[in-house]
Amino acid sequence: MKGIIMAGGFGTRLRPLTNNLPKPMVPLANVPIMESIVGLCKKSGIKDLTSLLYFQPESITKSLGDGKKFGVKIDYTFPDSDLGTAGSVAYALRQTKKKSQSSLVISGDVLTDIDLTKAMEFHKKKGAIATIVLTRVENPLSFGIVITSGSGRIVRFLEKPSWGEVFSDTINTGIYILEKKVLDFIPEGVEFDFSKDLFPLLLEKKLPLYGYTAEGYWKDVGSLEEYRQANMDILSGRVAFDIPGEKLKDKNVYLGEGSKVDLQSELSGSVVIGKGTKVEAGVKISNSIIGDNVTLEEGAHITDSVVWHDVTIGHGARLQENVVCNSTIIKEGAHLGEGAIVSDFCRIGRHSNVKANVKVWPYKEVDDEATLASSLIWADKWNKSIFSTYGVTGLANVEITPEFAAKLGAAYGASLHKGSIVSTSRDSHKTSRMINRAVMTGILSTGVNIHDYGVTPMPVVRYISRTGGELGGIHSRRSPFDPALVDMKFFDDTGMDLHSGDEKSIERLFYREDFARAPIDETGEISFPAQAIESYMAGFMSAINADVIREANFKIVIDYSFGSSTRIFPSILGKLNCECISLNANLDPSKVTRSAEEFEHSLEQLSTIVRSLNADIGFMLDAGAEKIFMVDDTGEIIDSESALSLVTLLALKSAKRLKKKGTIAVPVTASRAVDTMASSYGYKVKRTKTAPRGVMESALTKDVFFVGENMGGYIFPEFQSAFDGMFAIAKTLEMLAAEGVKPHKLLREIPPSFMIKDRVSCPWESKGMIMRKLAENSRGKKVMLIDGIRISTGRDWVIAYPSQTNSYFHVEAEATTEDKAVKLVSSYKTKISKWLKEKR
């Protein structure tokens, strides 16, 4: 069997470790990662190897040569252009003189002891055209999830899913076994990927594509934290690894040739010491890896750390949970805080202090007795992900500070082309102004220009992004849910929340810290477009039937929630001839956040006023003007599910009257009443994910004329593909006027049902396992896999899906009776709790 080792990656997430060498050459226990992969291939009987190279190829060819010293044959290939993963492998196989029927593809930058022989036997037994080697991980979000049948045949792929799409904790390891026939499906000379192109194509053609779930250890060494942990896993014996050096008697210590360890030094736990290293008296080393030709001077303490080659650690220096790269000098008395990384050819001065999580790039010097402050001020919370489901959220001036905002702005700007334009906007709170100005400085520093709209409702800037030549924008606001939090909402040139792929690109730039700044004459510029609100209002008025609303002479009550919509919406309502009683219609930044109790109290107040004034309807806008909450003409508060059904019913009636064709879209958690109503009017329903971006994306589908969700958000794509509470109010009034019916009477037309919602605690690290268990448990049942796992039995259904932001699962059910719905929810809560106990 032929072996293909993919070794062309840049290793950007491992910078500054990979500034001077490619990722496959980064050492694990003093052995380059790729060398361990070569050894694994040899152990599995694969000795004819080809390595695909791109970034700093000479480092790899010099280290591995022709492979003779490892007992294998290695040749190298260099694709002329970016052909994608599958395209590059096909290029290599087509260049090979000795053609093999089968080939194994493996990454040169993972740590694994998976038994490849068993995987190859599985492949042959199944008669597969391609087999993907799979493994189980606790957090599958960053990987491609693969769902298989009981026989191992692959039925579905999900690339880098959200928690709601984690239908399994079984992921793609990037190890593939391919038959020669696969080449027929890979075009020559164009970019073609395994996960995005080849495997979906094989699946579509119903060819035998299998997944082999392997036992053993596997880790994608994709971050600085994972790199150090991989080394610690080798020391602890979690992974089978051929550690170089002679193992000392009665100690888990490996000593390289020519190294000298003073008898008055102290080695504890598991320790690896490379060749030609000198350990002086009083040195303490615990659970650490020391490279070749290192000098550890008297009294140095090294704990849970990785030290590369040709390093000097001075007298009394302290290292804990650090990585120190080649040819660096740590002078006497220096202290490296936990998680600090020092790259190649650096000098850390005497008695200096490098604080936790600082990254020191190559050829840098820290002066004697200096303190180098943390460049990443976050602790654990920000290490893995900056973006959440609802943008970037954190404690004001604790987690989201001006420094953080400026750096995030620079990362965002660096993800765009120089000279591009983005928008910035905010609510009226003084902290939002501060964060808005800070993020602007970061964006400008990368040569990106800014349209600043100041205090403007989010739907307005989302709308303008589609028409103003902007590539997207950032809206800063005080959180509507917690007064101590600040939100930074990012959106793209369609006005929708930023795609998760774009968010990850920004995060990578943020953590790499090497994004380019613009020269002094190319710094971005700020402008303040004056016609933004006029443009929005003009588009707004052209998208509704104003005459129908005017003729209805509505009397309405609106609670503005002290938000910025007070600057725009009263003027629009005036043009619609509505008699409007306004509540909380002044900008008050101290009141934009409402607790659950305050929210309920405001709705009750709205209800009372609608009833006492005999108004036609009451609306509450949230402070950001994106969501609306309703009270009918009798003063009854309309719950969120009924509100969705009500607006959906109006949209269906309107579409039928106007003879529109198309579909409506609602989340997978919405009531079946929507389907019943749509069917009766001759329309179909498209189900969406529950997250805002997933709901908004459906509005871009060509035939969708209405999108609604059960948290007060409504989209009418003829105007814009994002939530807009102001437009939703006007459109609801238009449809009510056209139908000539009161809201309370429409509510009677909604089919009855019973919905129960609950939650069950689940640790983050168990979410993938629970999703896998749910998927396995639902085999043979009618299942909807959109966001979480929804199981239907007749007209009843239950869904379980993990919270995107908290450590629990949502469990919701709908049934013909309340008792049935309660039993469904209780049944799945019990199952989840049982699976969690079994894991413990």
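First, the ground rules. Residues are numbered from 1 along each chain as its sequence is written, and side-chain values use heavy atoms, with hydrogens and water left out. Because the model is predicted, local features need pLDDT of at least 70 and side-chain atom pairs count only at pLDDT 80 or more, while totals for chains, interfaces and linings use all residues.

I will start with helices. Helices here are DSSP runs of H or I with at least four residues, strands are DSSP runs of E with at least two, and both are numbered from the N terminus. Helix 3 covers residues 84-95. Its twelve residues reach 16 Å from first C-alpha to last, close to the 16 Å expected. The expected span is 1.5 Å times one less than the number of residues.

Which residues of helix 3 are buried? They are G84, A86, G87, S88, V89, A90, A92 and L93. Buried means under 20% relative accessible area, exposed means over 50%, and partly exposed lies in between, with a 1.4 Å probe and protein chains only. The buried residues of helix 3 pack against strand 1 (2-7), strand 4 (48-53), strand 5 (73-77), strand 6 (102-107), strand 11 and helix 5 (194-204).

Strand 11, residues 170-179, is where T173 is found. T173 is buried, at a relative accessible area of 5%. Apart from neighbours within four places in sequence, T173 is in contact (heavy atoms within 4.5 Å) with I114, V133, L134, T135 and W218. For V133 there is a further detail: the side chain of T173 reaches the backbone oxygen of V133 at 2.7 Å.

P16 is in the loop between strand 1 and strand 2 (27-28).

Next, two asparagines. Phi of N293 is near 55°, a positive value in a residue other than glycine. N293 sits in the loop between strand 19 (284-290) and strand 20 (295-296), and its relative accessibility of 45% counts as partly exposed. N357 also has a positive phi, near 70°. The loop that holds N357 runs between strand 30 (353-354) and strand 31 (359-360), and N357 is partly exposed at 23%.

Helix 8, residues 402-414, has 13 residues. It reaches 18 Å from its first C-alpha to its last, close to the expected 18 Å. The buried residues of helix 8 are F404, A405, K407, L408, G409, A410, A411, Y412 and G413.

Now a pair of helices. How do helix 10 and helix 12 cross? The axes of helix 10 (residues 458-465) and helix 12 (residues 532-542) come within 10 Å and cross at roughly 85°. Axes are lines fitted to C-alpha atoms, for helices over the stretch in contact, and angles run from 0 to 180 degrees between N-to-C directions. Angles under 35 degrees count as roughly parallel, over 145 as roughly antiparallel, 65 to 115 as roughly perpendicular and the rest as oblique. Helix 10 and helix 12 are therefore roughly perpendicular to each other. Helix 10 contributes P459, V460, Y463 and I464 to the contact, and helix 12 contributes A532, S535, Y536 and G539.

Is E470 buried or exposed? E470 is buried, with a relative accessible area of 2%. Its side chain makes polar contacts (a pair of N or O atoms within 3.5 Å; within protein, one must be able to donate a hydrogen and the other to accept it, and residues adjacent in sequence count only if both atoms are side-chain atoms). One joins the side chains of E470 and H451 at 2.8 Å, and another joins the side chains of E470 and Y453 at 2.4 Å. Beyond four places in sequence, the residues in contact with E470 also include I421, V422, S423, I464, S465 and D493.

F528 lies in the loop between strand 39 (526-527) and helix 12. F528 is exposed, at 59%. Its C-alpha atom is separated by 8.4 Å from that of I450, 78 residues apart along the chain.

Last, M696 in helix 18 (residues 692-698). M696 counts as buried at 1% relative accessibility. Leaving aside neighbours within four places, M696 is in contact with R462, M496, D497, I715, S721, A722 and F723.
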